[in-house]
Amino acid sequence: MAAVRALVASRLAAASAFTSLSPGGRTPSQRAALHLSVPRPAARVALVLSGCGVYDGTEIHEASAILVHLSRGGAEVQIFAPDVPQMHVIDHTKGQPSEGESRNVLTESARIARGKITDLANLSAANHDAAIFPGGFGAAKNLSTFAVDGKDCKVNKEVERVLKEFHQAGKPIGCDASTSLPAPAAWWSWSAALCCPGVSCVWCWQGESRTWRG
């Protein structure tokens with residue numbers, strides 16, 4: 001007990017010394033705010049997928065890398081995808097369409113999310129601090145018609161709504177695309193400019209650059 005009392009006394013003395021570091025001392029809450037171990041509210045991030053597989057959905061490496069970094073940053077992540085049919089299904093061993101096969105974007109995206117996924121129609125900017133869209137050709141095929149129609153494409157109505165909501169709320173929108181995938185990269189730039197008036201997006205690919213303005 002004597003050892004415990006001595007330890008407590010030394011801690012109290014240290015706390016007293018800390019209080020006297022500035023004129024008038026600091027309140028307990030002020031001291032806590034200075035301590036690096038004080039918990040901070042976790043960022044609530046929405047991750048929007050477009051299927052599962054680089055050629056007809058979300059690029060799995062990119063989605064995984066984003067999830068790892070968000071986890072390391074202590075973010076709370078909720079995964080979403082639109083409940084719509086894929087444009088087509090690609091046999092990834094051949095890089096060619098599979099004839100007569102159809103898949104659902106939400107169902108396929110659930111593979112990456114390990115089943116914990118929500119219909120994009122239920123995503124609200126009011127409940128999240130940021131939204132991130134990983135790359136993969138699904139961005140240009142399933143979230144829009146960019147792969148077919150280029151600059152004349154139409155954006156999925158729920159994707160357009162989400163982009164506009166986060167933009168109007170002044171919340172970050174992250175768009176990721178591998179440098180080896182020009183179509184998704186161009187799609188992000190074009191879609192952001194198309195959906196968000198006043199936004200200018202620049203897309204660069206192998207020395208070529210294009211600017212789209214909303």
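Tutor: Let's start with H92, which is partly exposed, with a relative accessible area of 36%. Partly exposed is the range between buried, under 20% relative accessible area, and exposed, over 50%, using a 1.4 Å probe and protein chains only. Before we go on, please keep in mind that this is a predicted model, where local features need pLDDT of at least 70, side-chain atom pairs count only at pLDDT 80 or more, and totals for chains, interfaces and linings use all residues. Residues are numbered from 1 along each chain as its sequence is written, and side-chain values use heavy atoms, with hydrogens and water left out.

Now find the loop between β3 (90–91) and β4 (96–97), where H92 lies. Helices (H or I, at least four residues) and strands (E, at least two) are DSSP runs, numbered from the N terminus. Not counting residues up to four places away in sequence, H92 touches G53, V54, Y55 and D56; contact means heavy atoms within 4.5 Å. A polar atom of the H92 side chain lies 3.4 Å from the backbone nitrogen of V54, and one lies 3.2 Å from the backbone nitrogen of Y55. Between H92 and D56 there are 9.0 Å from C-alpha to C-alpha, although they are 36 residues apart in sequence.

N142 is buried, with a relative accessible area of 6%. Leaving out residues up to four places away in sequence, N142 touches S50, D56, G57, V84, Q86, M87 and V105.

Let's step back to the whole protein. It has eight helices and nine strands, and 39% of its 214 residues are buried. Of the contacts with a separation of 6 or more, 68% are between residues 24 or more positions apart.

Finally, look for the largest nonpolar core, which has 17 residues. Such a core is a set of buried Ala, Val, Leu, Ile, Met, Phe, Trp, Tyr and Cys residues joined through side-chain atoms within 4.5 Å. β1 (44–48), α3 (60–72), β2 (76–81) and α4 (105–113) each give two or more residues to this core, and α4 gives the most, with five. Apart from it lies another core, of 14 residues, among them A131, L143, V155 and V159.

Definitions and conventions
Polar contact = N/O pair within 3.5 Å; in protein donor to acceptor, adjacent residues only side chain to side chain.
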